Amino acid sequence: RPPKLTDQARRALIREATKRPKITLKELQSSTAETGVSIHRTTLSCTLHRAGLYGRVARNKPLLKEKNKPTRLLFTKRETPQTYRRRYSGQRLKLSFLAIKENTVWRKPNTSL
């Protein structure tokens, strides 16, 4: 059976995934459809896997930057749990667990992004 993707289209697909690691399979599918090749998402995924690219969860941004760490340390030394509770007990934080979305990226194993 002849392959659905030509070598040129396969190389373009791999180049697109490495250039923009946060691209989704749907976006890759639409970009290959623009070139005239309609291909299923699992075929795209298999092609990327053969090239050594896998969908991984991106690293999180650090919560504290280096310039903010000394001020945060002073704040924690100054505030005791009792004064913190007394000061911030009226404020309620609304946490939406449904809004948490992990960013996936296409990358090779043992590399970071």
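Tutor: Let's start with a definition: a helix here is a DSSP run (H or I) of at least four residues, a strand is an E run of at least two, and both are numbered from the N terminus. Keep in mind that this is a predicted model. By that definition, the protein has five helices and two strands.

Student: In what order do the elements of the protein run from the N terminus on?

Tutor: They go α-α-α-β-α-α-β.

Student: How do you know that R20 and E16 meet in a salt bridge?

Tutor: Check the distance against the cut-off. A side-chain nitrogen of Lys or Arg has to be within 4 Å of a carboxyl oxygen of Asp or Glu. For R20 and E16, N to O is 3.2 Å, so the pair qualifies.

Student: And what makes R20 and E27 a salt bridge?

Tutor: The closest N and O atoms of R20 and E27 are 3.6 Å apart, and the limit is 4 Å, so that pair passes too.

Student: How many salt bridges does the structure hold?

Tutor: Four. One of them joins K69 to E66, with closest N and O atoms 3.1 Å apart.

Student: How much of the protein counts as buried?

Tutor: Of its 113 residues, 20%.

Student: Which residues have the most contacts inside the largest nonpolar core?

Tutor: They are L5, L13, L28, L48, L53 and W106, in a core of 13 residues. Helices α1 (7-19) and α3 (41-50) each supply at least two residues of this core, and α1 gives the most, with four.

Student: What is L28 in contact with, leaving aside its neighbours within four places in sequence?

Tutor: L13, E16, I23, L44, L48 and W106.

Student: Which residues meet where α2 and α3 touch?

Tutor: From α2 there are L25, K26, L28, Q29 and T32, and from α3 there are R41, L44, S45 and L48. That contact has four nonpolar, three polar and two charged residues.

Student: How far apart are T18 and L53, in sequence and in space?

Tutor: They are 35 residues apart in sequence, yet 8.3 Å apart in space, C-alpha to C-alpha. T18 is found in helix α1. With a relative accessible area of 45%, T18 is partly exposed.

Student: Across the protein, what share of the contacts with a separation of 6 or more joins residues 24 or more positions apart?

Tutor: Such residues account for 70% of those contacts.

Notes
Residues are numbered from 1 along each chain as its sequence is written. This is a predicted model: local features need pLDDT of at least 70, side-chain atom pairs count only at pLDDT 80 or more; totals for chains, interfaces and linings use all residues. Side-chain values use heavy atoms; hydrogens and water are left out. A nonpolar core is a set of buried Ala, Val, Leu, Ile, Met, Phe, Trp, Tyr and Cys residues joined through side-chain atoms within 4.5 Å. Buried means under 20% relative accessible area, exposed over 50%, partly exposed in between (1.4 Å probe, protein chains only). Contact means heavy atoms within 4.5 Å. Ala, Val, Leu, Ile, Met, Phe, Trp, Tyr, Cys and Pro count as nonpolar, Asp, Glu, Lys and Arg as charged, and the others, Gly among them, as polar.
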